[in-house]
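Reader: I have a structure to study and I am new to this. Can we go through its side-chain contacts step by step?

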Amino acid sequence: MGILDRFFKKKREEKESLWTKCPECKTILYMPELSANLKVCPKCNYHFPMSAKERIESLLDENAQLLFENILPKDPLRFKDTKPYKDRLKQAQEDTGLSEAIVVVRGNLKDINVVLAVMDFNFIGGSMGSVVGERFYRACKLCSNEELPLISVITSGGARMQEGILSLMQMAKTSIGVGFLREKGVPYITVLTDPTMGGVSASFAFLGDIIIAEPKSLIGFAGPRVIEQTIKQQLPEGFQRAEFLLEKGMIDMVVHRKELKDTLYKLLSMATYWKRFNLTAL
């Protein structure tokens with residue numbers, strides 16, 4: 001049983017295939033072995049998407065504490081498209097076992113106590129609505145008050161259109177939250193995964209003291225096809241991929257998923273050294 005099994009609601013039962021094909025190298029992969037390999041293709045290192053639960057279990061030790069699950073999404077605009085928004089929320093909750101597109105937990109990354117805010121693309125494309133913004137903001141306040149490092153693992157298509165201006169307001173709200181961390185000198189690290197787009201990339205995703213990305217992740221504001229249609233020019237090869245952004249100085253490092261936990265630990269060990277050993281900060 002995983003560390004968060006007792007927290008998450010039971011998701012809708014679906015028959016899962018034991019086999020899958022890597023979209024990069026087309027190798028047929030055995031799902032249990034792929035999961036044991038942190039969902040990285042052993043042939044070509046393609047990084048398959050991970051759920052929030054899988055992310056948390058890959059980074060934190062046992063006894064993680066789930067936070068802010070009492071803050072739940074509503075339908076303030078009574079938005080209707082092909083399906084009412086409240087029905088989309090209910091279906092997403094049943095399909096994923098999550099209450100929203102972000103999960104906030106407090107736990108130990110090895111011997112460092114941290115708060116982890118993890119987004120899940122399976123929940124309405126990881127879109128940011130008012131609850132996502134509020135949970136992240138409260139995570140920032142908690143970390144600021146208790147001087148705990150905050151790590152965000154991000155995947156998102158952007159702001160949630162079903163909440164209109166309320167979702168766009170979260171860009172400012174999350175940025176203010178990061179400001180509290182800056183005032184206290186609390187480390188904030190972002191891990192950008194495939195994809196990280198729209199209003200999320202234009203707010204708290206790119207405000208990290210250190211910005212990490214997984215290999216070949218699509219990261220940007222508007223998508224490449226939209227940009228090409230707007231500027232009427234062909235974009236460079238690899239445009240908006242993690243390696244391209246690293247070359248242009250937009251992010252700090254590209255880290256393989258298997259090395260992510262150790263990398264985060266090394267960075268946080270340096271950032272919190274003075275506090276952990278009761279030294280005076282410079």
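Reader: How many disulfides does a search of the whole structure find?

Author: This is a predicted model. A disulfide needs two cysteine sulfur atoms within 2.5 Å. The sulfur of Cys 22 has its closest cysteine sulfur in Cys 44, at 3.5 Å, which is too far for a bond. Across the whole structure, the number of disulfides found is zero.

Reader: Is Cys 22 buried or exposed?

Author: Buried means under 20% relative accessible area. The value for Cys 22 is 0%. Cys 22 therefore counts as buried.

Reader: What does Cys 44 count as, with a relative accessible area of 26%?

Author: Buried needs a value under 20%, and exposed needs one over 50%. Cys 44 has 26%, so it falls in between. Cys 44 is partly exposed.

Reader: Now the charges. How many salt bridges are there?

Author: Side chains of opposite charge can pair when their charged atoms come close. The rule asks for a side-chain nitrogen of Lys or Arg within 4 Å of a carboxyl oxygen of Asp or Glu. By this rule, the number of salt bridges is 15.

Reader: Lys 39 meets Glu 54 in a salt bridge. How many residues apart in sequence are the parts that this pair ties together?

Author: The N to O distance for Lys 39 and Glu 54 is 3.2 Å. Lys 39 lies in the loop between helix H1 (31-36) and helix H2 (52-59), while Glu 54 is in helix H2. The pair therefore ties together parts whose separation in sequence is 15 residues.

Reader: Which residue does Arg 135 meet in a salt bridge?

Author: Arg 135 has a partner 3.1 Å away, N to O. The pair links distant parts of the chain, 66 residues apart. Arg 135 is in helix H4 (residues 130-146), and its partner is in the loop between strand E3 (65-67) and helix H3 (85-96). That partner is Glu 69.

Reader: How far apart are the closest N and O atoms of Glu 163 and Arg 160?

Author: Glu 163 is buried, at 1% relative accessibility. Arg 160 is buried too, with a relative accessible area of 1%. The two form a salt bridge, and their closest N and O atoms are apart by 4.0 Å.

Reader: Which residues are linked with Glu 214 in a network of salt bridges?

Author: A salt bridge takes a nitrogen from Lys or Arg and an oxygen from Asp or Glu. Glu 214 can supply the oxygen side. The residues linked with Glu 214 are Arg 55 and Arg 257.

Reader: Next, the rings. Which residues form one aromatic cluster?

Author: Rings pair if their centres lie within 6.5 Å. The structure holds six aromatic pairs. One cluster is formed by Phe 136, Tyr 188 and Phe 204.

Reader: Over which ring does the charged end of Lys 141 sit?

Author: For a charge over a ring, the distance to the ring centre must be within 6 Å. The charged end of Lys 141 is 4.4 Å from the centre of its ring. That ring belongs to Phe 180.

Terms used:
Residues are numbered from 1 along each chain as its sequence is written. This is a predicted model: local features need pLDDT of at least 70, side-chain atom pairs count only at pLDDT 80 or more; totals for chains, interfaces and linings use all residues. Side-chain values use heavy atoms; hydrogens and water are left out. Helices (H or I, at least four residues) and strands (E, at least two) are DSSP runs, numbered from the N terminus. Buried means under 20% relative accessible area, exposed over 50%, partly exposed in between (1.4 Å probe, protein chains only). Rings of Phe, Tyr and Trp (its six-membered ring) pair if their centres lie within 6.5 Å; planes under 30 degrees apart count as stacked, over 60 as edge-to-face and the rest as tilted. A charge sits over a ring if NZ of Lys or CZ of Arg is within 6 Å of the ring centre and within 35 degrees of the ring normal.
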